[in-house]
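Me: I'm new to this one and would like to learn how to read it. Could you take me through a few features, step by step?

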Amino acid sequence: MFELKEQLLLLWSLPVYTAIILAELLFSYFHNHHLYRTKDTVTNIYFTILNFGFDAAIRIVAFGILIFFFQFRFFHIHNAYLYWIICFVAEDFMYYWLHRFDHTCRFFWAVHVTHHSSEEFNLTVGFRSSVFQPLYRFIYFIPVVLIGFRPADILFVYAVTQIWGVLIHTQYINKLGIAEWIFSTPSHHRVHHASNTKYLDRNMGMFLIIWDKMFGTFEEENDSYEPIRFGLTKNVESKNAVTVVFHEWKEIVKDVRHAPTFYIKWMYVFGPPGWSHDGSKKTSKQLRAKMNGSKKLYSEIQGCQEVEVQN
């Protein structure tokens, strides 16, 4: 049954993806917006094929593990409407935490960084998948299974929200009014892909933005702020696919090799991205604190100068 649902979803989504990507590409081309580069677009498609391959390879194992936990479920939800609403919300909630840990633990960031490595932001970037994420993604759905939801239904809901997750990778849709309060929108997701210090590790929600607002990771796109820079704080010099996938792992190995103690080695692997024992690199929190400190100092200096002028 799950395979049938997935095939129907694929048959519906592929022509939709093709149409809107073609429309965005042509609009960008005829208006000289340069949102698409051939090599970058091909890389995006290549990564989603790799991700799909890994997903297919471990599907039986992942599905079997979820089925195993399903026999220990705590609840039985009999109302069909309530069942699907709660399943949807619970799946999106767990994806928020999956996504958040991908950004706050360097081990998982090394997997997820592939998705953020493009310096472009267009619909095909939504296909620039975290290649190895299928190896552990299903673990986050175990609590949803234990609540009482069938593994096939959870994975179907995940596939549905992924469609939305692809469609919000665009620069051509501005803010959507009241929808900005509840849903992840293109505006929210542009912030998520920005490398500007203010926007780092913000707006993790896949479909609902309410989780970010509840747990302190929300940041609104601000047109008066500096223009958004897409990509990483330090972009990958080589665009070779192997380098893009493995560059962070290479850096982890290098840091661990030169770390003087076991604790420092551990932190270089499982600490936040950018952590360093000697201050040579900075985490997003440290960069943000430094930025806010600089702004505060600037404001204080400006205030002193205004007082002097008045005197």
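Reply: Let's start with accessibility: a residue is buried under 20% relative accessible area, exposed over 50%, and partly exposed in between, with a 1.4 Å probe and protein chains only. Take Asn32: its relative accessibility is 56%, so Asn32 counts as exposed. Before we go on, this is a predicted model, where local features need pLDDT of at least 70, side-chain atom pairs count only at pLDDT 80 or more, and totals for chains, interfaces and linings use all residues. Residues are numbered from 1 along each chain as its sequence is written, and side-chain values use heavy atoms, with hydrogens and water left out.

Me: Where is Asn32 placed?

Reply: Helices here are DSSP runs of H or I with at least four residues, and strands are runs of E with at least two, numbered from the N terminus. Asn32 sits in the loop between helix H1 (2-30) and H2. Its phi is positive, about 55°, although Asn32 is not a glycine. His34 is in the loop between H1 and H2 too, and its phi is near 55°, again positive in a residue other than glycine. At 59% relative accessible area, His34 is exposed.

Me: How do I read a nonpolar core, and which residues touch the most other members of the largest one?

Reply: Think of a set of buried Ala, Val, Leu, Ile, Met, Phe, Trp, Tyr and Cys residues joined through side-chain atoms within 4.5 Å. The largest has 29 residues, and Leu66, Phe141, Val144, Phe149 and Ile154 touch the most other members. Among the helices that each supply at least two residues are H2 (38-70) and H3 (80-104). H3 gives the most, with 6 residues.

Me: What is Phe149 in contact with?

Reply: Contact means heavy atoms within 4.5 Å. Leaving aside neighbours within four places in sequence, Phe149 is in contact with residues including Phe70, Tyr83 and Cys87. There's also a second, separate core of 8 residues, which includes Tyr17 and Ile163.

Me: And at what angle do H4 and H10 pack?

Reply: Axes are lines fitted to C-alpha atoms, for helices over the stretch in contact, and angles run from 0 to 180 degrees between N-to-C directions. Under 35 degrees is roughly parallel, over 145 roughly antiparallel, 65 to 115 roughly perpendicular and the rest oblique. H4 (residues 106-116) and H10 (residues 241-258) pack at about 155°, with axes 6 Å apart. H4 and H10 are therefore roughly antiparallel to each other.
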